[in-house]
Structures are given as structure tokens and as C-alpha cells.
Amino acid sequence: MASKNKAHLLKASCFLTGFLILAVLVHTNNVLVTNFDTAIQTLLKPLTNPTNTRIVEFITNLGGPVMATIFSLLVIICVYLKYSTRDAIWALVTLASGNLLVFLVKNLMQRPRPSDKLVAIGGFSFPSGHTFGTTIFILFIVYLLIVHFQSRNVRLSLTCLATIWALLIALSRIYLHVHYPSDVLASFLLAGFTWQVARMFQPKSSWHTQS
């Protein structure tokens, strides 16, 4: 257990270091971040048209913080009823802590959203709440539900589909210009940090051997 916690601590430190470096670069308007954001936005620009925008807006609404929380709670309820009360409580604490962390970081950074956004939305830009919430939801799916499937091929297929969904939500935020690519990257890093810290405090269960 001690060795596993050390591994999680090391991973958490790496995620946190990456996030803090990115946050400083964003806060100082470093040219590295500007170039990164511009390059990714330029790649998606040719795909922009009214039809795609309607489709992407529908997709992104399914990954909003409220919807991601609801989906995560459904997973937690399923885990509570079918597998483990302790895992369910642990997941609930992880979900609440993660959402609070995003709220605090957003209000600390107060980065304005892109001025050319394609849909009306308020609030701050850094990090992406959609991306963070969906990533935590996907991690719940993979490590609390999919892990119980007997077939390795089924587990792998479902994990790939879940990962694709998280990436779609992230890309949808960039496509709609409601977030900079660096906001999305920051969310993945922050979610990774949150998850690794949470894993250090998880109860013993059947999926402890998973990464």
C-alpha cells in the first residue's frame, strides 16, 4: 500500500507541476501559450460552419458541469447499490472536492473567455469545467464500473469509447471558442492531479490493482 501511495503521489506531483507551470504561463500571457492556443484553433477553423456548430453545441451541452455531475452521481449510485458503499462514498467526496477545486481556480485566475466565442456564455475560462467534469466522470466509469466486466476486450472497447467521449467534449469547447486549448489542457492536468490524490485515500476494493 505504501508503494502504491508513493506512485500516486509521484503522479499527482507531475500533474500538479504541469498545471502550475501552465497556469503561470497563462497568467503572464506567455508567447508559448499564445502560440499553442492559436495553432490548435487554426486547425479547427476550417471545420467551422452552422451545421457543425449546432452538432457540437448539442454534444458540449451533454458534457456541462451540471450534466457531468448528474452522470457521475448516477455512477456513484450504481456503485453504492451493486458493488461497494465505501467506494461510493469515496467517489462522492472526490467529485465534490474536484468541483470545488475548479471553482476556486477559475475565480483565482479569472481568465476571460475568447472574444470570438460562437455561443453565449458567461464566467471565466481557465480551466474548462466541462472538460474537468467529464474527465472525472469517465474515470469513475472506467475504474468503478468497467473494471468489473470479465471480458478484457469489452473493458478495452468501453474504455476507448469513454476516452473518445472525453476528447469530444474537450474539442467541443475549443471549437465553440468558449475556451482556449490551454484551458482544456489545464483541466486534464488538474483532473489527473485530483484523481491521483484521491486514489491515495481510496478504500480497499476489488479494483485497487488497477492504475
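Does V66 count as buried or exposed, and what is its relative accessibility? V66 has 61% relative accessibility and is therefore exposed (over 50%; buried is under 20%, partly exposed in between, with a 1.4 Å probe and protein chains only). The model is predicted: local features need pLDDT of at least 70 and side-chain atom pairs pLDDT 80 or more, whereas totals for chains, interfaces and linings use all residues. Residues are numbered from 1 along each chain as its sequence is written, and side-chain values use heavy atoms, without hydrogens and water.

**View 1. The largest nonpolar core.** This core (buried Ala, Val, Leu, Ile, Met, Phe, Trp, Tyr and Cys residues joined through side-chain atoms within 4.5 Å) has 36 residues, of which F19, L22, V75, F126 and F140 touch the most other members. Two or more residues come from each of helices 1, 4, 5, 6, 7 and 8 (DSSP runs of H or I, at least four residues, numbered from the N terminus). Helix 6 gives the largest share, 11 residues.

**View 2. Surroundings of F140.** Beyond its neighbours within four places in sequence, F140 is in contact (heavy atoms within 4.5 Å) with S72, V75, I76, A91, T94, L95, L145 and W195.

**View 3. The second core.** A separate core of 5 residues has among its members V56, Y175, L176 and V178.

**View 4. L32 in helix 2.** L32 belongs to helix 2, residues 31–44. Its relative accessibility of 58% is why L32 counts as exposed. The C-alpha atoms of L32 and L22 are 9.7 Å apart, with the residues 10 apart in sequence.

**View 5. V66 in helix 4.** V66 lies in helix 4.
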